[in-house]
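Hi,

Here is the structure I promised to send over.

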Amino acid sequence: MKSYIVGVGMTKFEKPETRDWQYWDMVKEAGTAALADAGIAYADVQQAPVGYCFQASTAGQRAAYELGLTGIPVYNVNNNCATGSTALMMARQFVEGGISDCVLALGFEKMQRGALGGGADGGDFKTSPVARHYGIMAARHGFEMSPPTAQIFGDAAREHMERYGTTEAQLAAVGAKNHRHSVNNPYAQFQDAYSVDEILAAKTIHSPLTKLQCSPTSDGAAAAVVVSERFVEERDLGDKAVEIAAQSMTTDTEESFASGSCIDVVGQPMSRDAGRQVYEASGLGIEDVDVVELHDCFSINELLTYEALGMCAEGESGKLVEAGATTYGGKWVVNPSGGLISKGHPLGATGIAQAAELTWQLRGEAGARQVEGARVGLAHNIGLGGAAVVTMLRRA
């Protein structure tokens, strides 16, 4: 059975504590927009997976109740930075499994200012779900007094530079591209363009990563209505429908840890496996893709993901972005939204926001950031700890 996205919505992503709202206000705004986009009522929704990381249990109900009190099942989903795409995957599974005809995937986050933490439980890395990951990092690179997530990805960048000759300018080119793209995105937390030199000159967070190539903490929400083919036909929603052609989630295997490399620890093997599974299931390859929204939590992760998705050979990703292959006029447009680096990264919302951007792109509704002729899109969302979700979307 096929599944389709027929409605999407999101809030503008905001710097924490700059807007007077609560997480349920965010979800009401994004969810209402998605339902209106689909032309349906909340009463049509049969189930609702709701993703978030930093609120208490049943916050999903508190948020969804702002859309209606219909008694439907609400699932609280937490999968670190891959939370939003995990909620979307649940929605797709409910539909493709024949359990429901209409499911609303929701994701939100209300965060605190400052650098994103390392996922430790109360600061105790012994009980942290990412203790194994940081242990690998510390064994090879030691532990410095910089934000843990920036540190583990920054160490992956150091390894890539040592192994393949990747340059700081190539890393900065990722940030420059994504900031440039965000200028045309009214939903983006930042809408300023920067040159490679300006990005290199910004404050260092963990060498070689500077502030302008790191995703910020963000508040915001996103929503997607996922329905069956029968629902599309009965409601005459063909003009709105974007097919979820394939989707895969992977978690860490021995490969993530055996090498002792931060490149593997931060998830490149997971991304590679998820991409391969999606290509096989959809019958589409990366060469068929027009537009990509991928998890650029830090500039190095965009480069690692190019390689994982087969966009270039291993070690060639710095040259790929430097050559302009991943922006307008290139082979693909990657992160037309501005990506996590510039659009923002409210963890629970990120994966669904990626799907929203791709839905607009494939419908031809992305305005000034529209990728001309886009018919196939790919989303990549990853969470340290770990999970990687790759989604192939197609417009008939």
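Below is what I found when I went through a few spots in it. One thing to keep in mind is that this is a predicted model.

**E96**

I started with E96, which sits in helix 3, the run covering residues 83-96.

What does E96 touch once you set aside its neighbours within four places in sequence? The contacts are M1, K2, S3 and I244. With S3 there is a polar contact, side chain to side chain, at 2.8 Å. K2 is worth a look on screen too: 94 residues separate K2 and E96 in sequence, yet their C-alpha atoms are 5.8 Å apart in space.

**A82**

Next is A82, in the loop that runs between strand 3 (74-77) and helix 3. A82 has a relative accessible area of 0%, so it is buried. Again leaving out neighbours up to four places off in sequence, A82 is in contact with N381, I382, G383 and A387. I also checked A82 against A366: the two are 284 residues apart along the chain, and their C-alpha atoms are separated by 24 Å.

**T359**

T359 belongs to helix 15, residues 347-363. Its relative accessibility is 0%, so T359 counts as buried. Not counting residues up to four places away in sequence, T359 touches I5, V8 and V242.

**Helices 4 and 5**

The last item is a helix pair. How do helix 4 (residues 131-141) and helix 5 (residues 148-164) meet? Their axes come within 11 Å and cross at roughly 50°, which makes helix 4 oblique to helix 5. The crossing is left-handed.

- From helix 4: H133, Y134, M137, R140 and H141.
- From helix 5: P148, T149, Q151, I152, D155 and E159.

Sorted by class, the contact between helix 4 and helix 5 has 4 nonpolar, 4 polar and 3 charged residues.

That's everything from my side for now.

Cheers

Definitions and conventions
Residues numbered from 1 in each chain as written. Predicted model: local features only at pLDDT ≥ 70, side-chain atom pairs only at ≥ 80, totals over all residues. Heavy atoms only, no water. Helix = DSSP H or I, 4+ residues; strand = E, 2+ residues; numbered from the N terminus. Contact = heavy atoms within 4.5 Å. Polar contact = N/O pair within 3.5 Å; in protein donor to acceptor, adjacent residues only side chain to side chain. Axes fitted to C-alpha atoms, helices over the stretch in contact; angles between N-to-C directions. Parallel < 35°, antiparallel > 145°, perpendicular 65-115°, else oblique. Left-handed = near helix turned anticlockwise from the far one by under 90°. Nonpolar A, V, L, I, M, F, W, Y, C, P; charged D, E, K, R; others polar. Buried < 20%, exposed > 50% of the residue type's maximum accessible area, 1.4 Å probe, protein only.
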